[in-house]
Amino acid sequence: MAYFRVLNTQLAKIQSLLDKNESWLILINADPDAMASALALQRLLSKKVKSVHIARINTITRPDNLAMIKKLHIHMRTWEENMRKKYQKFAIVDSQPHHSPFFKNIPFSIVIDHHPLPHKDNAPLLTPENVYDIRPDYGSTSTMLVEYLYNAQIRPGRYLATALQYGIRTDTGTFGRQTTEVDLRAYHYMVRYADQNLLTQILRSEYFLNWLPYFSHAFEKLRPCGLGHFTYLTDVESPDILVVIADFFLRVYGLKYIIVSGVYERTAICIFRGSKYNLGELAQKSFSDIGSAGGHSALARAEISLKMLKEKNPSLHIDYRRKKQKEETHKQIENILFTQLKLNGSAKQINKQAPENKNNCK
């Protein structure tokens with residue numbers, strides 16, 4: 001068995017797309033896996049085209065992501081619509097064209113991702129020479145890019161190798177969710193090139209000091225909900241707070257799944273984490289009719305504007321003018337979210353995750 005997939009066909013297609021007179025832009029929704037994957041693709045293309053740049057569509061606020069950017073010297077641009085005319089070719093990694101309105105109508109020549117395949121109505125229009133490599137069985141897109149570097153016989157520098165290790169760790173939950181043998185191989189292969197001291201520094205940059213009171217609030221409000229547990233944090237200064245608290249609860253023994261919720265910029269957000277039940281399905285059943293909801297079995301997200309929440313629940317009175325009225329508004333929002341999640345989180349309503357194939361490394 002080959003150590004990694006044989007990618008002669010994909011690399012030949014990529015080679016056919018490259019022109020020394022053309023500039024490329026790799027567009028991402030920046031998180032550790034996306035940034036690492038973009039760096040690897042940039043390395044793969046850089047010697048054979050005029051220039052390759054990376055642009056992000058989102059704002060980065062999580063401390064570990066900021067530490068990764070600083071310590072690994074990652075250079076990214078902020079996507080602006082007028083950038084289209086400056087580049088001749090576009091690529092996207094760790095996302096697909098239908099994942100965001102920012103990606104709409106951009107003629108991507110390379111799409112490499114590990115998220116679930118799109119519905120046929122959202123499938124991108126591709127010509128035969130495009131590279132469209134989607135592998136939802138993989139735990140991270142960084143794993144896929146390690147395969148590309150390996151097949152291209154490119155030795156990664158220590159910053160790139162460290163980024164790829166961190167990308168694999170984050171998207172597999174340190175190999176605790178949706179991990180295949182090939183993810184483990186890719187991580188192990190990068191050990192020889194990465195800087196473990198830099199990796200440790202990034203791993204220890206998970207929280208801001210002013211986030212700690214949110215943890216206390218989350219513990220106080222934690223309660224059973226369906227087969228799992230639920231907590232509500234009222235207003236948060238960043239959705240990332242909900243994510244890091246949900247990830248923290250994954251370490252609690254006996255907790256089947258956790259839903260950490262709160263409000264950010266008049267949008268109710270629910271972050272789902274677990275290892276036993278299909279949480280993407282739970283998110284969709286609960287909120288897809290009034291907001292965006294879905295994700296993987298082990299991690300999912302739902303976002304519902306308070307306006308839509310009120311349309312669905314006319315009794316909801318949204319009033320932020322005074323402290324007492326604001327508290328009452330949050331009590332109502334919490335009750336609506338909790339009731340809906342409990343309704344769809346019973347043993348009859350939510351399915352268990354399908355067993356994963358740990359040896360799947362085609």
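Student: What should I know about the model and the numbering?
Tutor: Residues are numbered from 1 along each chain as its sequence is written, and side-chain values use heavy atoms, with hydrogens and water left out. The model is predicted: local features need pLDDT of at least 70 and side-chain atom pairs count only at pLDDT 80 or more, while totals for chains, interfaces and linings use all residues.

Student: What makes β5 and β6 a pair?
Tutor: Two strands pair if DSSP finds at least two bridges between them. Strands are DSSP runs of E with at least two residues, helices are runs of H or I with at least four, and both are numbered from the N terminus. Strand β5 (residues 108-113) and β6 have four bridges, in the parallel sense, so they pair by that definition. Within this pairing, I110 stands opposite V131 in β6.

Student: Why are β3 and β6 called edge strands?
Tutor: The order in this open sheet of six strands is β3-β2-β1-β4-β5-β6, with parallel pairing. β3 (77-78) and β6 (131-134) each have a single partner strand, so one side of each lacks a neighbour in the sheet.

Student: Which strands does helix α2 touch?
Tutor: Helix α2 (residues 32-45) touches β1 (23-28), β2 (51-56), β4 (89-93) and β5. Contact means heavy atoms within 4.5 Å. The direction of α2 makes about 165° with that of β1; axes are lines fitted to C-alpha atoms, for helices over the stretch in contact, and angles run from 0 to 180 degrees between N-to-C directions.

Student: What is the strand order in the other sheet, and which strands stand at the edges?
Tutor: That open sheet has six strands in the order β7-β8-β9-β10-β12-β11, and its pairing is mixed. At the edges stand β7 (223-225) and β11 (292-295), each with a single partner strand, so one side of each has no neighbour in the sheet. Strand β9 (residues 257-264) and strand β10 (residues 267-274) pair in the antiparallel sense over eight bridges. In that pair, S261 stands opposite C270 in β10. Helix α12 packs on the sheet, touching β7, β8, β9, β10 and β12.

Student: How do you know that the length of α12 agrees with what a helix should span?
Tutor: The expected span is 1.5 Å times one less than the number of residues. For the 22 residues of α12 (residues 323-344) the span should be 32 Å, and the end C-alpha atoms are 32 Å apart, so the two agree.

Student: Why is the pair of Y3 and Y150 called tilted?
Tutor: Rings of Phe, Tyr and Trp (its six-membered ring) pair if their centres lie within 6.5 Å; planes under 30 degrees apart count as stacked, over 60 as edge-to-face and the rest as tilted. Y3 and Y150 are 6.1 Å apart centre to centre with 40° between the planes, so the pair counts as tilted. Y3 lies in the segment before α1 (8-17) and Y150 in helix α4, so the pair ties together parts 147 residues apart in sequence.

Student: What makes F175 and Y187 edge-to-face?
Tutor: Their ring centres are 5.1 Å apart and their planes stand at 85°, so the pair is edge-to-face.

Student: Is Y187 buried or exposed?
Tutor: Buried means under 20% relative accessible area, exposed over 50%, partly exposed in between (1.4 Å probe, protein chains only). Y187 has 13%, so Y187 is buried. F175 has 24%, so F175 counts as partly exposed.
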